Amino acid sequence: MDSKRPAENSLNIESGFASTTRRGIAANSVREVNFGDQHHHHHHRGVSTKHVRYGSRATDSEVFSVSQREINDEDARLVYINDPGKTNERFEFAGNSVRTGKYSILTFLPRNLFEQFHRVAYIYFLVIAVLNQLPQLVVFGRGASILPLAFVLLVTTVKDAYEDYRRHRSDRIENNRLALVLVNNQFHSKRWKDIQVGEIIKLQANETIPCDMVVLSTSDPTGVAYVQTINLDGESNLKTRYAKQETLSKFPEKDMICGLIRCEKPNRNIYGFQANMEIDGKKLSLGPSNVLLRGCELKNTGWAIGVAVYAGRETKAMLNSSGASCKRSRLESRMNFEIIVLSVFLIALCTVVSVCAAVWLRRHRHELDFLPFYRRKNYSKGKVENYNYYGWGMEIFFTFLMSVIVFQIMIPISLYISMELVRVGQAYFMIRDTQLYDETSNSRFQCRALNINEDLGQIKYVFSDKTGTLTENKMEFQCASIGGVDYSGRKGISEEEHAGYSVRVDGIIFRPKMKVNVDPELQQLAQSRKNTIKCKQVHDFFLALAACNAIVPLVIDTSDPTTKLIDYQGESPDEQALVYAAATYGFMLIERTSGHIVIDIQGQRQRFNVLGLHEFDSDRKRMSVILGCPDKTVKVFVKGADTTMLSVIDESVNQNTLHATEVHLHAYSSMGLRTLVVGMRELNPSEFEQWHTSFEAASTALIGRAALLRKVAGNIESNLIILGASGIEDKLQQGVPEAIESLRTAGIKVWVLTGDKQETAISIGYSSKLLTSTTRQIIINSNSKESCRRCLQQATATAKKLVTVSGVTCDTEGTSVAALTPAALIVDGTSLVYILDSELEEQLFKLASKCSVVLCCRVAPLQKAGIVDLVKSRTTDMTLAIGDGANDVSMIQMADVGVGISGQEGRQAVMASDFAMGQFRFLVPLLLVHGHWNYQRMGYAILYNFYRNAVFVFVLFWYVLFTCFSLTTAITEWSSVLYSVLYTSLPTIVVGILDKDLGRRTLLKYPQLYGAGHRQECYNSKLFWLGMMDTVWQSLAAFFIPVFAYWGSTVDSSSIGDLWTIAVVILVNLHLAMDVIRWTWTTHAAIWGSIVATFICVSVIDAFPSLVGYWAIFHVAKTGLFWLCLLGIVVVALLPRFVVKFLYQYYSPCDVQIAREAEKFGNLRELGAIQKEMDPVLDRPQR
Amino acid sequence: MSPNTPTSSSGGTGSADSSAARRNSKRPKYSRFTQQELPACKPILTPRWVISAFMLVSIVFIPIGVASLFASRDVVEIVDRYETDCIPQRFRNDKVQYIQSSEDKSCNRSIKVPKRMKQPIYVYYQLDNFYQNHRRYVKSRSDKQLRENSSADDVSSCKPEAYTNGKVPIVPCGLIAWSLFNDTYSFSRKNQQLAVNKKGISWKSDREHKFGKEVFPKHFQSGTLRGGADLDDSIPLSEQEDLIVWMRTAALPTFRKLYGKIEVDLEADDVIDVTLKNYYNTYSFSGKKKLVLSTTSWLGGKNDFMGIAYLTVGGLCFFLAMAFTIVYLVKPRQLGDPSYLSWNRNPAGH
C-alpha cells in the first residue's frame, strides 16, 4: 500500500550540499516542510536566549491565545467567496504564482555576492584583497591577490546559479499548471499563477491542490473529501476533510454563492486553521479539517469545490519551505578557539616584522636617500621628492598591513572550504552505506544537516523515544479484557482457522487487509447472538472499537474480482489495530462519512449516525463519539488512556469488573503492551439535548473554541460504564537490545523518554536490556513539588549508597562507570512538571548522572526537550536525540544531534532532524563506525590544515628577516596563491573523506573504541600546540637548510624561491603521507599527484618570460645541491615528528592504535577472548 | 515477550508489491568504493620497520655527506676583500666623498694561489650587506621593457628611476639596472695578462628570451644621481651580460655575481696581480666588496654546510637506530597486545 514512499526520502548528495548553505533544492512541487513554530528553537547551540517552559500547561494557553487572536478583525483576512475583485481590493493578498527561485537575472549577482559575504571568512579574504589594491601596500599583483577569492566566489556562484535555475524551472512548471476556476458561473481552465484569493476552484480526483482552500462541497453527498498529504508532511495515509453542511449542497454553476470567510493571517502551522464563514446569514466555524492545503492530492473523491483563502507564497506549504536547522559542530566551535590563537600568531608575526622594520628604518634614516636598494628620493622629476615614503610612522603602519597580506593564509581560509567538501564526501559515504539502508521502508540514510558529521563521534548521551523508535510502531491487537474477563488468545491456532474474517455482500467478499490473532472463545462470544450480559458487553466493546475512532475504510480491488480488501486508513496506528481487530471479530467498519458510519455486524449492515465526535487531545487523553444507533438510542463511546479513563468511570456500578480490568491492565502493561480502556454510556434524551446545544454552541464559538469543546467533552465523558480494555503489542524493532547494549558499552548513556505508562516503559526497558533483574530501580513518581524534593533526596542517598557499595568511585574520565552502576532512574511526567524549570533540576541531574539508566515516562513533547536541555546545559557532553513522531520534534531540535526515524508516524521528526534513518539499530553503525571515522578524519584534517598553512607562513616569515623586513617573498606570488588552492588541498580532502583508522568490523566489535571521541583524542589543545611546535621546526628546516647551503653563492631569489616552494609542498605532503593510516589508490593518487602537479605548476610559472623567475626552476634543478637540499629538508624536518610518533605509538599506545595493530597482525581473536572475559565485568551486578 | 511471529501480512497483492518494490528499491548499490572497503595498505610503525628506516637514512646520508665534504674541500677559493684597502689613506675618514669624487679609482692587489686551480676559474664579485631582495628594489624593474623595443615607455613599475628630466623614459629603467655594479678587474700573472672571458656568464634563457635583441639602452645613467655602471648604447640588452647577471637579483644579502671566467689553469703559489677600478659605492651603507676566484665542483662552490649536515643527520639516525634497538630489546611490547587497552588496564573503573 505504501510502496511509494515520499520522494524526498532519499536525499541525494547534491541537495545535501545545497542545504549546507541555505536550503535544499526542492525539485518537487512542494518544498521541504517544517513544522509549527519550531523555528523559534532554531538557535545555535548554547545561545538559548528564549526561555521555554517545559510544563504541559504551555500548550493550553497557546491554543487559547490563537483563538483569541482570531476575532480581532484587524488581524483577520477577509475573503469574499467568489468575489476575488472585492477580496483583493483593499489588501494585496499574494497571487498564486510562487517563486522559490531566489534571484532574477538582474539581481543575481549583487544578491548572491551579498549572501556569500555573510561568511566571515570571505570578508577576511575581501579585506585582504582590498588592502592589497592600495598603492602603498601592493604585495601581490592584482591577479594573484584576487584569484583565490574569485575562485571560491565563482564556484559558489555557479553552484547557486544552477540551483536557482532548477528552482526557476520547477517554479515555471508549477505556475503553469492548470486548474478549473469559476468565472462567470462557469468553470474555466486557468493557470495556477493566475488564481486569486476568493476564487472558487474545482478539483478533480487525483489532482494536486493549487492553493490553500476551504472546502465548499464535494462529490460525496456528505461533503467528505480525502486528501493525501505526502507532499506536505510525507504521511501517506489519507486524511479526511469535510465541507460544511450549509455549503455542500450548493452548486456554484447554478446558484450564486455569496459569503465571507474571516480567517487568520497566513501562518506556517499546517495542523491549524482558524476561521469562520458567514454564508446565507449563518455564521459557521471552520477548522483545520475544512481546508485543503496546497500540494496535497485529492484522492478517492470525484471532485471537490473550494474557495481559495491563501495563495502562492502565503500558502502553508510555501511558508513551511525553509531549510534545515543550522547547527555548528563541537569540533568547529573548538576549532574557532584555535583560529583565534592563530590570529594571535599572525598579529605577533606582523608585529615582529613592523618593529624590526621600524628599528631598521631608524638606524638607516640618514642613508635611505642613497641606499641603492632603497632610494627614498625621486630625482627624475624637476624637484626632488620622496618616492613611496610617507614618514617613519606611516611606513611602520604600512609594513604591518603588508605583513598581514603576506601572512594571510596563517588563518586557513581554505580550511572552511575543504571542511565543507570533506563533509559532503562523508555524507556521501554515509548515504551510500548499505548497512544504513532500511529494507522495510525502502529508505536510505539521509544527511539533512551537513555540518555536524563529526559530532557523531563524540556522543555521550542518547535520548530515545520509545514508540516507533525502539519499537516498530506496528500495532497488533493482542488481547482484551471485556467485562472483567481476560481474553488473551495464546492458544495455538492453526493457520486455516484464522484465515480472517470476511463478509459477503452482493456476491462480493469484503475482507480486512490485515489479519489479527483471534481468541476462539472471544470469537465465539462475538458471533453468538445470545442475549447474555457477557455477549452484550462483547458486542458493545467491539462496536466501540469499530466506531470510536477517526479511521477511514478504503475498499481496494484485488486480482480476484469477487474479493475486495478493506484498508483502514488513519493517523493513529493504535486505532488501526483496534479497527482491524473489531473487523476480525465481525464488526467491520465499511463506510464512514461525517454524518454516519456503516458497520457490518456479523453480516448485517447497520447504519449509525455520528451525532458528535470529541477528538483526541493530549490533555484528556481520550476520545469519544456519540452515536445514534439503529434502535434509536443514543450512546456515547469513549476510549482512552487508563489514567484518564478510570477517573471518569462510574465506580459504583460493576466494581468487580472495574477491579478485574485494572488487574488486567497492570498485567498487560507489564507485558509491554499498550493499553486502552473503553467505556460507554447511554444518553437519555434530555442529556442528549443538553449536550447537543452546548456542543453546537462550542463548535461555532469564536473565542477559545478548543477549550469550550474540551469542556463539553468533559461533561459528556463521565459516569461511564466500563466495557473493557485492550492490549496492543508494539513490537521491539529488530536488533534494539543489541544496539542499546553496544551503545552502552561504548560509554554512551541511553535515556528513554516515552509518553507511555510507567509499567510499559519498564517492561520495554527489560526487553531492550536497559534494565536487568538486578538493576535497582529508583522511581520518582510524585505529584507535588515538596514530595518531589523528598523523593529526589531519598533517591540521591540510595544511589550514593549503591555507588559506594559497588566500589565505583566517580571518575573524571567517565569512560564506562555508568555501565557499572546498577541503578535505574524512572521518572514520570507529572514529577517532571515540578522538577523542570525549578531548583530541583540540578538535583535531578546529579541523581541521573549517578544512574546507568534513565527512563522518563508519560512525558509531554516539551518536557522531552526540557530533559535534553537539562543535560545539555550542565555538561559539555554531546547529546543526541532520536525519535520518529511529531512529539519528538522539540527534543530533536534541542539536542546537539537530532536523528529522525522515518517510520510510521509521519515525517515531522525527519523534517526536524539532522540525520534520518529507517531503524533504531542503525544508530550503532552511525555512531560507532561513521561517527568515529568522521570525528577522527575531521579532527586530523583541521590540525593538518593549520599546520600546512602555518609552515608556509613561517617560511615566508623567516625570509622576511633577511630582506630588511620589507616583506619580499622569494616564492612567486602565484605559487603562494596556488599553495593552498592547488598544491596541497586535494590530499587533505581525500584523506579527510577516505582515511579510516579502523575497520568497520573492529569498531562494531569493540564499542569501547568509541571512547576516543569522548576523550577528544583526535583534536585537543595538546595536539594543537605540539603541532605548532612541529610546524616551527619544520619551517626552520625547510628555510635554513637552503639558506646555509646557498649562503654567499650566486643563487637568485627566484631559484631559491622555487626550491622553498617545492620543499614545503613535498614536506607537507609527506607529513600527511606519514599520518595516513590506510593507503588506497585514491590516497596515492592525491598525494603523489599533488607533488607532481606542483612540479608542473612551478615549471609552467617559470616558463613565462614576463615573470621575474623565468626558467629559474630548470636552472636550479640541474644542480645537485638542489636535490640534496630537498632530501635533507624532508628528512631533517620530519625526523622529530617521526621519532615522537613512534615512541608514543609504541610505548603509550591508545586503544585505537592497539586495535589497529591487532587488526593488522590478525590477533583480533585474542582480543575477542578478552572481550568475553570482560562481559561479566561490565555486567558486574549479575554475579 | 511473545515469541509469536506476527500474523499480519499484506493481502493478496503482496507479491506484486514486492516485485515492484524491488524494482524501485533505493538500496545503495554495493561497491567496494562506496562501502569504503577499497583494497588498502595499512602501514604500521613497527620497531623493526622504524629501525630499518633509520638505518637506511644513515646509510644513504653518511656517504652523501662524505662526498659533499670532499667536493667542497676540492674547491679552491680565493677571497680578497678590498673595499677598505682600495681607498687611499687620506680618504679613509670619508669614503663616500672619495667614491663620489673624480679621483683616480685604480687599485692594485696581488693574490697568491694557494693550490693548483684548474680552469675554468670563475671570477666573482661578492657584496655583503647589499639587500638586492629589498621590496622597493626588486619591484623597480620592467620586464616588458627589457624584452620588447616597443614597450620602451612601459616604465610605470620602475619608479623612482623611470624617467630622466621628468618625462624621458629610461631604458633599462628601474633601481636594479640603475645600481649596476661597475667595479672592473683585470688580472695578470708574471706581467702576462690573464684573459677574462665575459661571454656566457649569464643564463642562456635570459639572453634569448628575457632581454631583447632589439632593445638598446637609452638615457641610461643620465639622471641627477648616478647609480652604477653605464651601458654602451650601441649594444643590445641581450648582449649586455653584466646587466643580465645583475638583474637576476640575489636571494640573500650576501651574494656573489659572476664577473667572468679565466680559462687557464693557475698553479700553486702563482701570484696574480689584480688591477681593479673601485667605482661602486657600497660605502654609503657600509657594504663589503670582495673579489673571489673559485673553481667549482658538482656541488657548486666551497661550502661545507651540506657535507656536515648530511653527516650529522646520518650519524643521528644511526644513533637513533641503535638506541631504539636497545630499547626494543630491553622493553619490548607485543603489538596488538590487548592488555594495553584502556578498558583492560584498569578493570575496576576505567
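**Chain A meets chain B: a quick tour**

Between chain A and chain B, the count is four salt bridges. Keep in mind that this is a predicted model.

Let's take one salt bridge in detail. B:Arg248 and A:Asp1052 meet through their side chains, at 3.0 Å from N to O. Polar contacts come next. There are 35 residue pairs in polar contact between chain A and chain B, counting pairs with both residues at pLDDT 80 or more.

Which part of chain A gives the largest share of the side that touches chain B? Helix 37 of chain A, residues 1120-1147, with 17 residues. And the make-up of that side? By class, the side of chain A that touches chain B has 71 nonpolar residues, 33 polar and 30 charged.

Now the whole interface. Chain A brings 134 residues to the contact, and chain B brings 113 residues. The area buried between the two chains is about 10,900 Å². Carbon and sulfur atoms give 60% of that area.

On to a sheet in chain B. Five strands form it, and the sheet is open. The order is 1-11-3-9-8, with antiparallel pairing. Which strands sit at the edges? Strand 1 (77-81) and strand 8 (196-197) of chain B, each pairing on one side only.

Stay with strand 8 of chain B. Two bridges join strand 8 to strand 9, residues 255-262 of chain B, and these two strands run antiparallel. Here is a bridge by name: B:Asn197 has B:Lys261 in strand 9 as its bridge partner. As background, strands of a sheet pair through backbone hydrogen bonds, either parallel or antiparallel.

Methods. Residues numbered from 1 in each chain as written. Chains lettered and ligands numbered in written order. Predicted model: local features only at pLDDT ≥ 70, side-chain atom pairs only at ≥ 80, totals over all residues. Heavy atoms only, no water. Pairing = 2+ DSSP bridges. Helix = DSSP H or I, 4+ residues; strand = E, 2+ residues; numbered from the N terminus. Contact = heavy atoms within 4.5 Å. Buried area = accessible area lost by both parts, 1.4 Å probe. Polar contact = N/O pair within 3.5 Å; in protein donor to acceptor, adjacent residues only side chain to side chain. Nonpolar A, V, L, I, M, F, W, Y, C, P; charged D, E, K, R; others polar.
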